[in-house]
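Me: I am new to this structure and would like to go through it slowly, one question at a time. Could you answer each in a few careful sentences?

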Amino acid sequence: MRNKVVVIARASKGIGAELARQLAAKGAKLVLAARGTAELEDVAQQCRERGASVITVKADVSVERDCQAIMSGAVLAYGGIDVLVNNAGLTMWARFEDIEELSILERIMQVNYMGAVHCTRHALPWLRQSRGVLAGISSLAGRVGVPTRTGYSASKHAMAGFFDSLRIELAGSGVAVTMIYPGFVSTGIRENATGPDGKPIRVSPVKEGEVMDVEECARIIVEAIERRRREVVMTARGKIGLWLKLVAPSLVDRLARRAIERGR
């Protein structure tokens, strides 16, 4: 990754921030984007302390012109783009019947799915030039339905379909498309998950100490990008679940419900 220009959407916290730190240590040139400037600058400084060249862009990926500005900033600063990590995302924790406003689902789709589409659109010409890597950070919820996360799961399924289709279109172009499917990761994102009233739930329903730590998750993602892997399902439970979905789908439904109830 040394001297590779890497763009990370939502680099201000969680997986994106840890990816930035690990890539900084490998000598990447970083373009970090997020809505929150204070947290973003903190992460940028941590990366600079690791010897990396970093620029930051305040951006909301649900707005196409912001996505264009991210890529324009990368090209202006470094002359091109080698890797795009579509990491921006919102989550939720509410049964569909309890949701008060369906605009909650629209916002999740706009950020999780259309944000990745917008960023990809404006990065793709430069990724073609560099024969680079296009990475999407999805979720096991993008492969298997999950209760209380209908809108989130739908957005991640859409993301998976988009990038799987795009991979075929890009065959022979030199651009690798890498899809990442983590399970629960201890990032704190669930504390800001949208509840049925549209407000953050504030308290994580997941046992954060019993799930994958963010450092391990980021390490796996970095390795997948370096190896230009097609996709990575991070957990053994996830791999088994996808196999079981083919032969015993109702069992997978019960396992998904139990995982949510147990919070791990």
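This is a predicted model: local features need pLDDT of at least 70, side-chain atom pairs count only at pLDDT 80 or more; totals for chains, interfaces and linings use all residues.

Me: How many residues of the lining of the second largest pocket are charged?
Reply: Sorting the lining of this pocket by residue type gives nine nonpolar residues and five polar ones. The remaining group in that division is the charged one, and its count is six.

Me: In what order do the strands of the open sheet stand?
Reply: The sheet is open and consists of seven strands with parallel pairing. Its edge strands, each of which pairs on one side only, are β3 (53-58) and β9 (231-233), and from one strand to the next the twist averages 15°. Read across the sheet, the order is β3-β2-β1-β4-β5-β6-β9.

Me: Which residue in β6 stands opposite Ile-137?
Reply: Strand β5 (residues 133-137) and strand β6 (residues 176-181) run parallel and are joined by five bridges. In general, the strands of a sheet pair through backbone hydrogen bonds. The residue that Ile-137 faces in β6 is Ile-180.

Me: Which helix gives the largest share of the lining of the largest cavity?
Reply: One cavity of 30 Å³ or more is counted, and the space in the largest cavity is about 40 Å³. Among the residues that line this cavity are Ala-9, Val-61, Asn-86 and Met-159, together with Val-111, Asn-112, Gly-115 and Ala-116. The lining divides into six nonpolar, four polar and no charged residues. The largest share, four residues, comes from α4.

Me: How far apart in sequence are the parts that the pair of Tyr-113 and Phe-162 ties together?
Reply: Two aromatic pairs are counted in the model. One of them is formed by Tyr-113 and Phe-162, with an edge-to-face arrangement in which the centres are 6.2 Å apart and the planes stand at 80°. Because Tyr-113 lies in helix α4 and Phe-162 in helix α5 (residues 150-169), the pair ties together parts whose separation in sequence is 49 residues.

Me: Where does Arg-131 lie?
Reply: Most residues other than glycine have a negative phi. Arg-131 is not a glycine, yet its phi is positive, at about 55°. Its place in the chain is the loop between α4 and β5.

Me: And in which loop does Arg-228 lie?
Reply: Arg-228 also has a positive phi, of about 55°, although it is not a glycine. The elements on either side of its loop are a helix, α6 (214-226), and a strand, β9. Arg-228 therefore belongs, by the numbering of these DSSP runs, to the loop between α6 and β9.

Terms used:
Residues are numbered from 1 along each chain as its sequence is written. Side-chain values use heavy atoms; hydrogens and water are left out. Two strands pair if DSSP finds at least two bridges between them. Helices (H or I, at least four residues) and strands (E, at least two) are DSSP runs, numbered from the N terminus. Axes are lines fitted to C-alpha atoms, for helices over the stretch in contact, and angles run from 0 to 180 degrees between N-to-C directions. Ala, Val, Leu, Ile, Met, Phe, Trp, Tyr, Cys and Pro count as nonpolar, Asp, Glu, Lys and Arg as charged, and the others, Gly among them, as polar. On a 1 Å grid over the protein atoms alone, a cavity is a set of points where a 1.4 Å probe fits but cannot get out, and a pocket is an open set with protein on both sides within 12 Å along at least five of seven lines; lining residues have an atom within 4 Å of a point. Grid points are joined across faces, edges and corners, and a volume is the space filled by probe spheres set on the points. Rings of Phe, Tyr and Trp (its six-membered ring) pair if their centres lie within 6.5 Å; planes under 30 degrees apart count as stacked, over 60 as edge-to-face and the rest as tilted.
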